[in-house]
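Please examine the strands and the aromatic rings of the structure shown here. The paragraphs that follow lead through both topics in turn.

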Amino acid sequence: MRLSRIIMALTVGLAVAAAPTAAGAAQPQPPYVPPGPALTLVDPTITLGETFTLRGTGFGPNETVSIDVTISALPFAAPAEGTARRSDGSTVALAAVAYTPNQAAPQPAPTHFTVQTDANGNFTVTYRPTRTGRYTFTATGQTSGLTASTTGTVLPVRPTKPPRPPHHGGHLPVTGGSIGTPLKLGGGLAGAGAVLLLASLAWRRRRLG
């Protein structure tokens, strides 16, 4: 009788201990939510003449993504080295600028274009700005409707300084030819003077004798 009660108590205890585990296992798991789309720039600050590299992730697989570009002016700042500020707040470069006549002006960079994602919903595309400013890129999936944006800055090119001429100091270079010529001339004049002096003495002796 005692043995049966002990067995019954152990059975009830094991059932109670296993109940939370079973209840937890029976609860449904939350559904997997993929990460949202993202748009990034490899280098968010470039100089005019360089190229942005855009990378998009998390869009629909093999879908067309529209990219819109908004351009705004750079914030007011102190003039860069080699420039001067005008009375209206604009700056002008002090370095000389070469001009080539009949040269066609560069076409402005597009403000709207499309790219195609891969099977994982990712893409990489380059964009070459044609003027300075802040560039805001907004990517929108045409099928999924997913959207993401990022901002980059295009700075003006700093003017290059002309090379300085070599400094030789205040002394002029001395060469062997420049010294030898006066010495030869002086020696010739001294010899001619000696000959004239001897001729004069001889003429006086003859006259007095």
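A residue counts as buried under 20% relative accessible area, as exposed over 50% and as partly exposed in between, with a 1.4 Å probe and protein chains only. The model is predicted, so local features need pLDDT of at least 70 and side-chain atom pairs count only at pLDDT 80 or more, while totals for chains, interfaces and linings use all residues. Residues are numbered from 1 along each chain as its sequence is written, and side-chain values use heavy atoms, with hydrogens and water left out.

Strands (E, at least two residues) and helices (H or I, at least four) are DSSP runs numbered from the N terminus. In a regular strand, side chains alternate between the two faces of the sheet. Strands pair if DSSP finds at least two bridges between them; E3 (residues 52–57) runs antiparallel to E8 and is joined to E8 by five bridges. Within this pairing, arginine 55 stands opposite threonine 124.

Rings of Phe, Tyr and Trp (its six-membered ring) pair if their centres lie within 6.5 Å; planes under 30 degrees apart count as stacked, over 60 as edge-to-face and the rest as tilted. The count comes to seven aromatic pairs. Phenylalanine 52 and phenylalanine 137 form an edge-to-face pair, because their ring centres are 5.7 Å apart and their planes stand at 80°. Since phenylalanine 52 lies in E3 and phenylalanine 137 in E9 (residues 133–141), the pair ties together parts 85 residues apart in sequence. Phenylalanine 137 is buried, because its relative accessibility is 0%.
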